[in-house]
Amino acid sequence: MTRKIKPQKIVLLIVAVIVLLLAIISVNTLTTPSRQLQIAARPGTAVDVSKAAERLASAIRQQTIASASDAQLNQSQFLALHAQLAADYPLVHATLNQERINDTALLYTWQGSDPSLPAVVLMAHMDVVPIAPGTETDWLQPPFDGVISDGFVWGRGAWDDKGNLIAQLEAVEALLARGFKPARTVYLAYGADEEVNGDRGAKTIAALLQARGVKAEFVIDEGMLITEGMIAGLDAPAAIVGVAEKGYLSATLTVSADPGHSSMPPTDKASAVTQLSEVLLRLRDHEMPATISGVAQEMFETLGPEMHGLNRVALTNLWLFEPLVKAQLTQAPSTNAMLRTTTAFTMLNAGNKDNVLPGRAEATLNFRLLPGDSSEAVLAHIQQQAAAVMPADQFHLSRLPFGGEASPVSSTEALGYRAIQQALRELKPDTLVAPGLMLGASDSRHFSVISAQIYRFSPIHATADDLPRFHGTNERLALTDLATMIQFYQRLLELGAGTP
């Protein structure tokens with residue numbers, strides 16, 4: 001004879017479980033410690049930002065637009081920029097060894113006092129993207145005039161990436177003037193074709209350093225920013241340091257079918273166009289899985305204790321709320337891209353006459369690979385979705401040549417990250433620092449041959465309203481940010497290269 005459990009006991013048990021669960025959530029929310037470096041504020045060295053701004057404005061006036069196919073395009077503009085840098089930074093050019101790489105890229109070597117120590121590499125690029133045709137009159141200031149107005153330096157390249165270039169050289173010039181001597185050798189690696197893949201610049205420089213046996217303690221290049229008001233539940237500015245970047249894969253999917261007259265379409269809908277469309281719909285509806293792990297998990301666990309309200313509750317209790325958090329994050333393009341390998345359909349081609357059913361239909365697919373997902377796994381995923389629609393002999397998948405795997409993930413415990421974190425927290429005590437995943441590609445990916453610790457970060461404040469300026473209209477850099485950048489690079493070199 002079985003004993004029945006009284007309903008009252010079931011209710012009490014449920015209440016007890018809920019109370020216990022609420023208690024655990026409350027304790028975790030209130031007691032999860034901050035991961036921010038607790039350190040005294042340290043004002044940066046004085047900076048003559050007006051002179052630095054003039055030098056940046058002059059650099060903007062050189063229209064250094066690179067070409068993937070024509071290495072000589074605008075070479076005179078790059079050489080004019082080289083000459084300007086030599087005139088503006090006499091101590092740098094008198095002290096550091098300078099090499100011109102493939103005519104337009106530059107490599108500076110600042111010899112350290114202890115050659116046995118791994119080096120430090122600071123990166124920037126001198127090339128800029130062109131102005132979108134038809135948008136020239138939309139600029140508040142002409143894009144290549146280098147105007148200083150309303151507290152900003154305006155023009156193409158102010159943000160991407162001549163701001164970092166000038167700030168680094170300003171920092172090194174100032175350190176040399178103070179008699180600073182690094183223990184680690186410092187390399188300044190300045191590509192001239194980053195916007196067209198960096199093969200002639202950064203890739204060549206990295207290969208040259210590798211051939212010379214150079215090992216780098218860390219590398220820092222352009223990348224993520226100091227965000228303001230862009231992370232829900234977070235009031236303080238957050239400096240997101242890119243510890244990895246996504247990979248890049250493009251592939252062409254070609255579907256074949258019997259051509260025919262449009263007056264007699266196949267009754268089974270098995271035309272090249274319809275079958276390709278079905279595969280694209282399957283790829284849209286069966287994306288690579290989203291996951292809160294790796295870099296995304298570390299970022300959320302770092303920022304969670306600094307948040308307020310339900311955001312803090314959720315991120316300090318991911319063990320319970322991860323499904324809800326993931327469901328929310330995958331609704332927005334920017335956060336969805338942090339959690340998965342993304343799928344994008346970028347080009348379509350089929351047919352050449354309005355009354356003919358084409359025998360071929362083709363789509364170009366672009367994937368940005370999450371660390372942990374390989375190109376081979378993505379290609380297998382496409383094959384699987386296509387095979388669910390049609391026989392294997394009716395489609396062909398080919399990988400396009402440009403691309404690469406996601407980068408390794410750099411450590412947040414290594415010297416480079418700690419130096420970045422300390423420099424930021426000293427200069428900007430109210431700014432939080434957290435690791436993040438860079439969604440785009442940078443020249444730094446080429447330097448994995450000489451260093452395992454690569455960081456992608458630009459010490460520039462940005463709100464959501466600023467982001468369209470990146471590669472867009474009215475690009476500009478605030479004078480306050482320029483001053484911060486110079487101070488940041490000075491302190492970073494003191495912390496990262498100054499002592500063993």
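Modeller: The questions below concern a predicted model.

Biologist: Which strands are the edge strands of the open sheet?

Modeller: The sheet is open and has four strands, in the order S11-S13-S9-S14, with antiparallel pairing. An edge strand here pairs on one side only. That applies to S11 (342-350) and S14 (395-404).

Biologist: What does the twist average from one strand to the next?

Modeller: The four strands are taken in their sheet order, S11-S13-S9-S14. From one strand to the next, the twist averages 20°.

Biologist: Which residue in S14 stands opposite Leu249?

Modeller: Strand S9 covers residues 247-256, and its antiparallel pairing with S14 runs over seven bridges. Opposite Leu249, the residue in S14 is Gly403.

Biologist: What angle does the direction of helix H12 make with that of S14?

Modeller: Helix H7 (residues 272-285) packs on the sheet and touches S9, S11 and S13, with a direction at about 15° to that of S13. Helix H12 (residues 375-387) also packs on the sheet, where it touches S9, S13 and S14. Between the directions of H12 and S14 the angle is about 155°.

Biologist: Does Ile10 count as buried, partly exposed or exposed?

Modeller: Ile10 lies in helix H1 (residues 7-31). With Ile14, Ile18 and Leu22, Ile10 forms a nonpolar surface patch of about 360 Å² accessible area together. Buried means under 20% relative accessible area and exposed means over 50%. Because its relative accessibility is 41%, Ile10 counts as partly exposed.

Technical notes: Residues numbered from 1 in each chain as written. Predicted model: local features only at pLDDT ≥ 70, side-chain atom pairs only at ≥ 80, totals over all residues. Heavy atoms only, no water. Pairing = 2+ DSSP bridges. Helix = DSSP H or I, 4+ residues; strand = E, 2+ residues; numbered from the N terminus. Axes fitted to C-alpha atoms, helices over the stretch in contact; angles between N-to-C directions. Contact = heavy atoms within 4.5 Å. Patch = residues over 30% accessible without salt bridge, like charges linked within 9 Å, V, L, I, M, F, W, Y side chains within 5 Å. Areas by Shrake-Rupley, 256 points an atom, 1.4 Å probe, with all protein chains shown as cover. Salt bridge = Lys/Arg side-chain N within 4 Å of Asp/Glu carboxyl O. Buried < 20%, exposed > 50% of the residue type's maximum accessible area, 1.4 Å probe, protein only.
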